[in-house]
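Hi,

Here's the structure I promised to pass on.

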Amino acid sequence: MAVAGALLLLLGLRLSAQPLDAYGLNGAEYKQHADRLRWSQTLEEVLTAEPPPTLGDAIGELDREFPPGLYAFAEGAAPVVGRSAEAMTWTAPAWLLLLALAVASVGWSLTGLRSVAAAAATGTLLVPGLHGSAVRFYFDLPMTALVWTAVAAFLTLRDERPVLAGVVTAGLGLLATAFKWPAIPALAPLLIGAALCGWTVRPELRKRRIGALGLAAGLWIAGVAAWAGASDAPGSLESMVAEASVADVSLESGSSDVGLTAVVGGTLERLVRPGRDRQIVMRTQWYLATLATSVLSPLLALAGLALLVVWLREDRRTAPLLGAAVIGHGAFLLLLVKPIDDRFLLPTVPALVVACALGWSALPTDRLRRGAAIGIVGVGLLVAADFHHAPATPLTASLEVWPGTWAARQDVAVPVQSFEIRGVGAASSFERRGWGRRDESASHRDGLRARVRQWMETCRPQNVAALEGASVVGPTGDHTWLEYELERLRRTEAQSPDIAIRSYSCEEPRVEPGSAVLTAHSPGATAPGDCPPPGGWTVVEVLEDPAGGNAVSVWGTDPNSICRHQER
């Protein structure tokens with residue numbers, strides 16, 4: 001409880017100071033929030049449509065780039081926490097707590113020891129990749145929490161109530177899949193491993209476990225098949241397969257056919273391609289390195305390795321669970337998935353944590369166990385405090401490893417990226433996609449965002465444009481944030497404002513006539529940026545940052561046609 005309280009305090013302080021963590025381009029941290037508001041509007045339209053749509057049509061409308069689970073959860077949470085991006089992000093720590101409870105339940109079911117359950121929960125909370133994900137509104141942490149809740153339910157019910165175990169596990173598996181499709185390759189090997197744990201029981205119990213596993217698998221597969229086949233429109237499953245498969249698969253507009261033959265054939269072709277062995281070795285090295293440097297941290301990785309050694313020597317009761325997770329999910333990542341991303345490791349990490357908890361429990365003396373617990377918890381909390389609040393220091397200096405050389409090899413189908421070491425601390429995930437250190441984050445600039453939002457509400461411009469990737473409010477561009485603000489405005493007003501959000505580039509600088517172009521304010525400038533769209537430009541308005549930072553200039557070619565106050 002003390003560790004959970006301390007960690008929640010660290011997370012709460014970060015969310016208060018930095019409600020959204022910038023990453024990617026053009027305000028990518030707002031993408032899920034903009035999509036969430038669009039999904040909410042679509043749900044309302046589906047529920048109020050006359051005549052009501054068929055189930056297949058409704059699924060086709062609601063199942064988009066990602067499955068609808070996270071957005072449905074947000075719709076339920078909105079009356080409690082609010083609909084804004086800043087408010088919704090506060091729901092993320094709840095998924096971390098659910099995951100810790102689920103892993104504790106797994107530890108209890110496998111050992112019957114409260115100390116192991118407590119150690120497993122504590123270890124889960126202290127994993128930097130997990131608590132780093134708990135300050136973002138994204139899919140991976142909820143999916144991981146639900147995957148392990150399904151494993152916990154299976155282990156709890158498999159011997160005494162196998163039918164209920166199958167039904168509940170299948171339901172939780174479908175729920176995890178509704179958050180993100182990679183729940184399937186993450187959960188399937190874990191359930192097999194869970195069924196094999198404690199296999200030396202009497203034959204009657206083994207039959208119950210096999211029956212529970214078979215029922216869970218059958219119901220889960222049937223549910224997924226029914227969902228995937230309910231609509232003819234391309235959905236999130238097709239999107240994931242086309243993006244992540246090692247097969248060269250693409251979805252043409254309007255087609256729902258992923259092409260199973262193309263997927264299988266392309267996958268087999270990639271698996272036997274010359275240089276594939278070297279690629280697998282390099283990908284394995286990359287995943288092991290990022291496990292130690294960003295999912296964990298060097299110090300926590302060393303502590304975990306020591307406990308794993310003890311576990312291997314003294315108490316290997318969870319070997320089937322860990323082995324199935326590493327082999328099953330590892331084969332999926334190394335052989336079948338095109339991108340490399342340390343977020344993909346998160347569903348497997350709790351299996352390592354449970355094994356480490358058993359290793360800690362097997363230490364020979366109470367004094368040694370107490371000392372190890374104090375040391376690991378202390379290091380874990382220091383790593384968490386450094387990750388979420390500390391400035392960069394010599395102890396956490398950045399070092400890039402394996403830069404460039406492998407990525408230049410043309411005979412490797414998927415180049416292996418470099419990774420970062422942050423001294424004794426935990427590094428941000430690959431391209432900050434999953435979690436990011438606070439000392440690498442830009443200010444959220446709440447006051448300036450509120451000022452731009454107020455201008456959009458009162459001015460009602462027909463078009464708002466910004467240079468692709470240019471820092472206006474956010475550090476790497478603002479297109480997605482502006483789209484989110486527009487969706488937020490549409491959800492709060494009876495009459496939807498007719499505003500279009502545009503981006504332009506130096507290669508294609510054209511914007512629509514009458515557009516308002518936003519740039520960082522530059523006194524004395526005569527045009528919006530170094531590659532302005534053609535036309536005579538003038539500053540219509542300067543939006544000041546209440547915190548004293550750089551202001552925003554609103555440019556227009558015809559100042560009198562920018563705002564449409566009179567149409568309100």
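This is a predicted model: local features need pLDDT of at least 70, side-chain atom pairs count only at pLDDT 80 or more; totals for chains, interfaces and linings use all residues.

Five strands make up an open sheet in the order β4-β3-β5-β7-β6, and the pairing is mixed. The edge positions go to β4 (500–504) and β6 (538–543); each has a single partner strand, so one side of each has no neighbour in the sheet. On average, and ignoring direction, neighbouring strands are turned by 30° against each other.

Inside that sheet, β3 (residues 463–467) pairs with β5 (residues 516–520) in the parallel sense, over three bridges.

Helix α21 (residues 479–492) lies across β3, β4 and β5, and runs at about 175° to β4.

Now the helix pairs. Helix α9 (residues 140–157) packs with helix α11 (residues 183–196) at an angle of about 25°, and their axes are 10 Å apart. That angle makes α9 roughly parallel to α11, and the crossing is right-handed. On the α9 side you'll find Met143, Val147, Trp148, Ala150, Val151, Phe154 and Leu155, which meet Ala183, Leu187, Leu190, Leu191, Ala194 and Ala195 of α11. Sorted by class, the residues of this contact come out as 13 nonpolar, no polar and no charged.

The other pair is helix α1 (residues 2–17) with helix α6 (residues 92–111), packed at about 160° with axes 11 Å apart. α1 and α6 are therefore roughly antiparallel, and they too cross in the right-handed sense. Leu7, Leu8, Leu11 and Leu15 from α1 make the contact with Pro93, Leu96 and Leu97 from α6. The class count for α1 with α6 is seven nonpolar, no polar and no charged residues.

Last, the charges. The structure holds 27 salt bridges. One of them joins arginine 369 to aspartate 366, with the closest N and O atoms 2.0 Å apart. Both arginine 369 and aspartate 366 belong to helix α19 (residues 366–388), where they are three residues apart, about one turn of the helix.

Cheers

Definitions and conventions: Residues are numbered from 1 along each chain as its sequence is written. Side-chain values use heavy atoms; hydrogens and water are left out. Two strands pair if DSSP finds at least two bridges between them. Helices (H or I, at least four residues) and strands (E, at least two) are DSSP runs, numbered from the N terminus. Axes are lines fitted to C-alpha atoms, for helices over the stretch in contact, and angles run from 0 to 180 degrees between N-to-C directions. Contact means heavy atoms within 4.5 Å. Angles under 35 degrees count as roughly parallel, over 145 as roughly antiparallel, 65 to 115 as roughly perpendicular and the rest as oblique. A crossing is left-handed if the near helix is turned anticlockwise from the far one by less than a right angle, and right-handed if clockwise. Ala, Val, Leu, Ile, Met, Phe, Trp, Tyr, Cys and Pro count as nonpolar, Asp, Glu, Lys and Arg as charged, and the others, Gly among them, as polar. A salt bridge is a side-chain nitrogen of Lys or Arg within 4 Å of a carboxyl oxygen of Asp or Glu.
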